[in-house]
Amino acid sequence: MKSYDVVIIGGGPGGYNAAIRAGQLGLSVACVEGRSTLGGTCLNVGCMPSKALLHASELYEAASGGEFAHLGIEVKPNLNLGQMMKQKDESVTGLTKGIEYLFRKNKVDWIKGWGRLDGIGKVVVKAEDGSETALQAKDIVIATGSEPTPLPGVTIDNQRIIDSTGALSLPQVPKHLIVIGAGVIGLELGSVWRRLGSQVTVIEYLDRICPGTDEETAKTLQKALAKQGMVFKLGSKVTQANASAEGVSLTLEPAAGGNAETLQADYVLVAIGRRPYTQGLNLESVGLATDQRGMLGNDNHRTSVPGIWVIGDVTSGPMLAHKAEDEAVACIERIAGKPHEVNYNLIPGVIYTRPELASVGKTEEQLKAEGRAYKVGKFPFTANSRAKINHETEGFAKVIADAQTDEVLGVHLVGPSVSEMIGEFCVAMEFSASAEDIALTCHPHPTRSEALRQAAMNVDGMAMQI
Ligand code: FAD
Ligand code: NAI
């Protein structure tokens with residue numbers, strides 16, 4: 001039986017980052033991954049392939065939808081969906097191979113197969129050929145991730161009724177794509193197919209999109225997406241779905257009750273959230289159990305069983321790759337006896353639509369519920385010179401600061417390339433910056449980041465360019 005300091009089950013952003021950090025710290029480490037490639041959901045069927053299609057489809061729409069022509073670039077693009085998918089798959093392969101390289105560099109053993117616990121300090125790995133390998137470890141990290149949440153009555157067959165993985169590899173552009181769930185996946189992958197020519201209808205149970213995000217920001221995003229042609233049916237629940245070889249007949253009714261209606265689509269994407277994945281882990285062998293949501297609880301990444309740790313989507317907190325990565329580092333540093341903590345208040349969230357939505361810290365709704373007095377500074381991208389010159393003026397930057405101390409409590413952006421700008425505020429907030437600190441900091445001109453500075457100035461009503 002091979003013995004390690006740390007065995008990690010799962011090779012996604014949680015698992016692979018934990019393995020790399022363990023290697024860096026000189027711990028002997030193995031990472032067990034059942035998929036044929038490393039990188040988990042994020043690299044294989046999540047963040048990376050979705051961003052590849054968002055990038056390609058954005059350029060296609062710009063070229064075909066009049067935006068290029070307005071800039072004086074006259075082209076007649078043809079969609080080659082096969083090539084679009086091929087370049088996405090090639091990028092994914094490059095990235096997953098990159099993790100293999102990082103494993104070799106940091107002396108991480110990749111044990112191929114599905115792992116299960118076999119009592120304290122033991123993991124058994126079943127390979128594709130059925131053979132089993134037993135591993136021993138002082139510490140075991142569970143990083144098994146998540147899977148799509150199913151919707152009762154709407155069976156995902158990945159033919160006509162698909163999950164996000166199916167929506168990343170459709171063989172044709174749907175005439176009509178219905179998306180169930182106006183969350184991150186629904187809006188991102190709905191955008192991809194709309195840009196490529198689909199009619200897209202988004203059905204959402206709640207009366208708003210993207211629950212949990214700042215309401216004003218979400219409303220602005222919804223308006224922008226609706227202007228692009230995405231149809232929203234909010235406050236609606238799907239009660240039935242009948243799939244045939246040609247398409248799907250979907251019955252829905254108002255969530256509050258009322259008359260049912262039937263919609264026809266050639267594909268239906270179910271994107272109503274993800275749930276923790278612990279199948280086959282044999283948790284009972286160490287006396288661990290999941291809660292009602294299937295989640296493994298943690299206290300600073302420790303489970304209730306000494307020597308067994310948990311990170312990423314399979315445990316509490318937002319299901320995001322960078323959150324899994326932060327937990328991976330903190331967990332391994334703790335295993336190595338070093339102090340380390342994740343600041344859960346400062347995990348940014350981004351929706352990679354056009355315009356993008358990016359946020360960090362508290363929303364106005366949260367601060368109201370907490371009864372904390374705050375000030376708001378806003379600045380629209382219509383008044384930002386770089387956004388204007390690029391014809392990308394939708395949205396705004398909004399900075400929320402404590403009413404007494406001026407400390408920045410939350411930042412909510414909807415606009416062009418805001419995914420690349422939110423990091424500025426993550427750093428500033430990690431150092432407890434005030435809105436004035438941002439307002440006094442020189443920003444390069446002309447950039448969209450100047451809108452963030454102007455919004456910070458406007459916390460005290462001092463924006464200069466509006
Ligand atoms: P995972 O990435 O799910 O990795 C877990 C791994 O464990 C898997 O590879 C699985 O095969 C393996 N595994 C499970 N059980 C076992 C076992 N018993 N033995 C061996 N291996 C096992 N997040 C962002 O931050 N930004 C984005 O832009 C973004 N886009 C996304 C787009 C889509 C379409 C989806 C679905 C998700 C997206 N996410 C995004 C979420 C992100 O992918 C996850 O939060 C992240 O992958 C979680 O990392 P993880 O390591 O916890 O789990
Ligand atoms: P989500 O939680 O973002 O959105 C699900 C939506 O479905 C919510 O609006 C919810 O109210 C709605 N819903 C739930 N049940 C419903 C029902 N029965 N009928 C209609 N609507 C219903 O989940 P999503 O989009 O599936 O994404 C899963 C996870 O993946 C998220 O936690 C997200 O963090 C992560 N992800 C992150 C991305 C990013 O960071 N850019 C991109 C894609 C996914």
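Author: A polar contact is a pair of N or O atoms within 3.5 Å; within protein, one atom must be able to donate a hydrogen and the other to accept it, and residues adjacent in sequence count only if both atoms are side-chain atoms. The model is a predicted one, in which local features need pLDDT of at least 70 and side-chain atom pairs count only at pLDDT 80 or more, whereas totals for chains, interfaces and linings use all residues. Residues are numbered from 1 along each chain as its sequence is written, chains are lettered from A and ligands numbered from 1 in the order in which they are written, and side-chain values use heavy atoms, with hydrogens and water left out.

Reader: What makes the approach of E204 to ligand 2 a polar contact?

Author: A polar side-chain atom of E204 lies 2.6 Å from an oxygen atom of ligand 2, and a pair of N or O atoms within 3.5 Å meets the definition, so the term applies. E188 also places a polar side-chain atom 2.8 Å from a nitrogen atom of ligand 2, while M319 contributes a backbone N or O atom at 3.2 Å from an oxygen atom of that ligand. Of the area of 840 Å² that ligand 2 exposes when taken alone, the protein buries 77% (Shrake-Rupley method, 1.4 Å probe).

Reader: How do you know which residues are near ligand 1?

Author: A residue is near a molecule if one of its heavy atoms lies within 4 Å of it. There are 39 residues around ligand 1, with G14, E33, T41, K51 and G115 the closest. K51 has a polar side-chain atom 2.7 Å from an oxygen atom of ligand 1, and for R35 the corresponding distance to an oxygen atom of ligand 1 is 3.0 Å. The protein covers 94% of the 990 Å² of accessible area that ligand 1 has on its own.
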